[in-house]
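Visitor: I have a structure open here and would like to talk through it. Could you start with the aromatic residues?

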Amino acid sequence: LATESMPLPNLRSRQKVLLSEFRNEIDGYDDNDDRSKYIPEQFRLPEPPFPLKSVILAIILLVIGTILLTLGSLIFTGFIGNEKRDDRWLSMIVLGALTFIPGSYHTYVAFQTWRGIHGFSYSDIPSFDD
């Protein structure tokens, strides 16, 4: 075969030549220039701003949920209320749970982020500041 006698071209040297020709065509490119090199800071995401409205809403949901759960539990056990209107406990517990769960979660995430715990970020809290 004719291919066995012919030497294979050195592709790496050809790629280097093409790359150096391309770099020379770019205006102002210099291999020794520090501005053309990558720095780790350019890949870091900026710290998200503190979502004040979201944290206030989370604390309000936590407080309302705690109050509703407490009142619903006290009505169910009979410590408050009368026998005629004891049917309110279920709605209070359901609404209390619906407000307590997201409020406690987002308050926890905000608190852990404020403490600087690794793995928590303000970007995990939905923002209403837009």
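**Aromatic pairs and helix packing**

Guide: Tyr-122 counts as buried in this predicted model, because its relative accessibility is 13%, under the 20% cut-off.

Visitor: How many aromatic pairs does the count come to?

Guide: The count comes to four aromatic pairs. In one of them, the rings of Phe-50 and Tyr-122 have centres 5.1 Å apart and planes at 90 degrees, so this pair is edge-to-face.

Visitor: And where do Phe-50 and Tyr-122 sit in the chain?

Guide: Phe-50 is in the loop between α2 and α3, while Tyr-122 is in the segment after α4, so the pair links distant parts of the chain, 72 residues apart. Phe-50 counts as partly exposed, at 42% relative accessibility.

Visitor: What about Phe-76 and Trp-89, how are their rings arranged?

Guide: Their ring centres are 4.4 Å apart and their planes are at 50 degrees, so that pair is tilted. Phe-76 belongs to helix α3 and Trp-89 to helix α4, so the pair ties together parts 13 residues apart in sequence. Phe-76 is exposed, with a relative accessible area of 52%, whereas Trp-89 is partly exposed at 27%.

Visitor: Switching topic, what do the buried residues of α3 pack against?

Guide: The buried residues of α3, among them Ala-58 and Gly-65, pack against α4.

Visitor: Which residues is His-106 in contact with, leaving aside its neighbours within four places in sequence?

Guide: His-106, which is found in helix α4, is in contact with Ala-58, Ile-125 and Pro-126 once those neighbours are left aside. The His-106 side chain also reaches the backbone oxygen of Pro-102 at 2.9 Å, and His-106 is buried, with a relative accessible area of 19%.

Note on methods
Residues are numbered from 1 along each chain as its sequence is written. This is a predicted model: local features need pLDDT of at least 70, side-chain atom pairs count only at pLDDT 80 or more; totals for chains, interfaces and linings use all residues. Side-chain values use heavy atoms; hydrogens and water are left out. Helices (H or I, at least four residues) and strands (E, at least two) are DSSP runs, numbered from the N terminus. Buried means under 20% relative accessible area, exposed over 50%, partly exposed in between (1.4 Å probe, protein chains only). A polar contact is a pair of N or O atoms within 3.5 Å; within protein, one must be able to donate a hydrogen and the other to accept it, and residues adjacent in sequence count only if both atoms are side-chain atoms. Contact means heavy atoms within 4.5 Å. Rings of Phe, Tyr and Trp (its six-membered ring) pair if their centres lie within 6.5 Å; planes under 30 degrees apart count as stacked, over 60 as edge-to-face and the rest as tilted.
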